[in-house]
Amino acid sequence: MAAAIGKTLASEGEARALSALSDRLVRIIQEVGAESPDGAFLASPSWNGVIEAARSALALMTR
């Protein structure tokens, strides 16, 4: 992500936030299974972490 700073990302904070979101997404895909239906992801207790990470990234990127 750091390589994108100055190109598509404005700061190291944005890079960290997107890395955190990516980590959450990878974790839930591993937990639920990549071929699982959408409902399985939405029902997972880990989904709230994905939402929070996405909100944090969005807040940083829209300042």
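Trainee: What makes Glu31 part of a helix?

Mentor: Glu31 is found in helix H1, residues 12–32; helices are DSSP runs of H or I with at least four residues, numbered from the N terminus. This is a predicted model, in which local features need pLDDT of at least 70, side-chain atom pairs count only at pLDDT 80 or more, and totals for chains, interfaces and linings use all residues. Residues are numbered from 1 along each chain as its sequence is written, and side-chain values use heavy atoms, with hydrogens and water left out.

Trainee: Why is Glu31 called partly exposed?

Mentor: Its relative accessible area is 47%. Buried means under 20%, exposed over 50%, and partly exposed in between (1.4 Å probe, protein chains only), so Glu31 is partly exposed.

Trainee: What makes the pairing of Glu31 and Ser46 a polar contact?

Mentor: Their side chains approach to 2.6 Å. A polar contact is a pair of N or O atoms within 3.5 Å; within protein, one must be able to donate a hydrogen and the other to accept it, and residues adjacent in sequence count only if both atoms are side-chain atoms. The value of 2.6 Å therefore falls within the limit.

Trainee: How do you know that the buried residues of H3 line one face?

Mentor: Those residues are Gly49, Val50, Ala53 and Ala57. Seen down the axis of H3, they fall within an arc of 105°, so they line one face of the helix; the arc is that of the directions from the helix axis to the C-beta atoms. The face turned away from this buried side carries the exposed residues Asn48, Arg55 and Leu58.

Technical notes. Helix = DSSP H or I, 4+ residues; strand = E, 2+ residues; numbered from the N terminus.
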